[in-house]
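Subject: Structure handover

Hi,

Here is the structure we talked about. Please open it and keep it on screen while you read my notes.

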Amino acid sequence: MNPLQKTDPEIYDIIVQEKMRQEYRLEMIASENFTSSAVMEAQGSILTNKYAEGYPGHRYYGGCSNVDIIEEIARTRAAKIFGVDHANVQPHSGTQANMAVFFSVMEPGATYLGMDLAHGGHLSMGHPKNFSGKIYRVVPYSVRREDHRIDYDMVRTLAIKHRPRMIIAGASAYPRIIDYSIFGEIAREVDAVLMADVAHIAGLVVTGLHPSPAKDADFVTTTTHKTLRGPRGGIVMCKKKWASVLDSCIFPGMQGGPLMHVIAGKAVALKEAATPQFSEYQFRVVQNAKTLAEELMNYGFKIVSGGTDNHLVLVDLTDKNVNGAQAQEILEAAGITVNKNAIPFDPLPPGKASGIRIGTPAITTRQMGIHEMRIIASWISEAIDNRTNESVIRRIGENVRELCVKFPLYMNGKGGV
Ligand SMILES: *Cc1c(COP(=O)(O)O)cnc(C)c1O
């Protein structure tokens, strides 16, 4: 019996259940991934015991010689692969990374431009209950009706009209390339700071599959657990002139002690991200997403923007007589995990939504490829077309399980957590 099983069998059993869920179902939430055993080993290590308020060489506690080296390695690796002057690896999450930029740049009440949440923007870009919507004034920009690409003319018009202190380029549900050079141009025109939030596409950015914002943006923020495939957390980066302001906004501004075990996990993930295998992986993530989009279109699904350039596909269900919430539920019953998602100009409220967002990062980590994408697209179509037929849904669920067995994740015949 291992220590967790002995101390808390209730939690242990649930983790085992969750491991089975991850193992035997298709994880297609676009923001999720399976981090490596090496990352989990670092993250589950004794480093969790250490307090290290401050930064390497300037800590408020003794005994930091080892964690200083770890954090220095992590921030050096981050700055190198993202091509930025300065990196802070302490944000506990992507939202904290964004908050640090807001605090560095703006006084309460200041105006900024961010992607409309209904068009793919993230919570931290102006949701009324989030700090970004409560403390500051957001002016949202959106995508064009014709092609679902970011409306750069609208961004420029709004920037000239509102003179924002900051412009955010980044999204959680945008399947196309983001043009940072246009954003940079507009920001310079109105003397605004440009923040690029690459949370979703970080893995693509560091491998050159998506243009890098490093040249144009004053700040770059990311999560480490999405396409980057590291531990759950955030990183915030900037040009040299902002470095000390930014660091003090993280600590002591908004966080106490850093999570050194997570920072060690970030360091490991950043090392992995610099390997040729990781570039190959990202290439397959995009290839799989493109295949999935094409196949779904062949089955008569409308795809927002007509396809994808990255790791996600936004499916428009308005022609299928089913809403996003229902589709999510049907697919869940068939062993395929996705999330309901608003589509641009969605007539339905976000709780129902007219679309689903499907991502390939996690299933590509378990080595699935083009062949599997074709099969999965056929199951998605079959499940949605036969949503009231329980035996069809059950049979697809069995097929999903068989496919998962062929692409083992953690099990490999092993038990435990
Ligand atoms: C996921 C995401 C974040 C924040 O992530 P959390 O770690 O959940 O706080 C920030 N920005 C964008 C664009 C995201 O997609």
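Into which domains is the protein chain divided? There is domain 1 (3–30 + 276–413), and there is domain 2 (40–273). Keep in mind that this is a predicted model.

**The two domains**
The C-alpha centres of domain 1 and domain 2 are 27 Å apart. The domains also touch. On one side, 26 residues of domain 1 make contact with 27 residues of domain 2.

**The second largest pocket**
This pocket holds about 530 Å³ of space. It has 24 lining residues, and G121, H122, L123, S172 and N341 are the closest to its centre. Strand β14 (residues 339–341) gives the largest share of the lining, with three residues. Sorted by class, the lining has ten polar, eight nonpolar and six charged residues. Why does the second largest pocket lie between the domains? Because domain 1 and domain 2 both give residues to its lining.

**The nonpolar cores**
The largest nonpolar core has 82 residues. Those with the most contacts inside this core are F82, I150, M166, I167, F183 and F219. A second, separate core has 36 residues, including L292, V313, W379 and F407.

Now look at I150. Leaving out residues up to four places away in sequence, I150 touches M115, Y141, S142, V143, R144, V155, Y174, I178 and F183.

**A residue in helix α12**
Find N288 in helix α12 (residues 276–298). Is N288 buried or exposed? Buried means under 20% relative accessible area. N288 has 1% relative accessibility, so N288 counts as buried. Its contacts, again without residues up to four places away in sequence, are T360, T364, M368, G369, I370 and M373.

**Backbone details**

- The peptide bond from F251 to P252 is cis, with omega near 5°. P252 belongs to helix α10 (residues 243–254).
- S305 is not a glycine, yet it has a positive phi of about 70°. S305 sits in the loop between β11 (302–303) and β12 (312–316). Its relative accessible area is 10%, so S305 is buried.
- A353 is not a glycine either, and its phi is positive, at about 65°. A353 is in the loop between β14 and β15 (355–359). With a relative accessible area of 0%, A353 is buried.

Best wishes

Conventions. Residues numbered from 1 in each chain as written. Predicted model: local features only at pLDDT ≥ 70, side-chain atom pairs only at ≥ 80, totals over all residues. Heavy atoms only, no water. 1 Å grid on protein atoms, 1.4 Å probe; cavity = no way out; pocket = protein on both sides within 12 Å on 5 of 7 lines; lining within 4 Å. Points joined across faces, edges and corners; volume = space filled by probe spheres on them. Helix = DSSP H or I, 4+ residues; strand = E, 2+ residues; numbered from the N terminus. Nonpolar A, V, L, I, M, F, W, Y, C, P; charged D, E, K, R; others polar. Domains from an automatic or database assignment. Core = buried A, V, L, I, M, F, W, Y, C linked by side-chain atoms within 4.5 Å. Buried < 20%, exposed > 50% of the residue type's maximum accessible area, 1.4 Å probe, protein only. Contact = heavy atoms within 4.5 Å.
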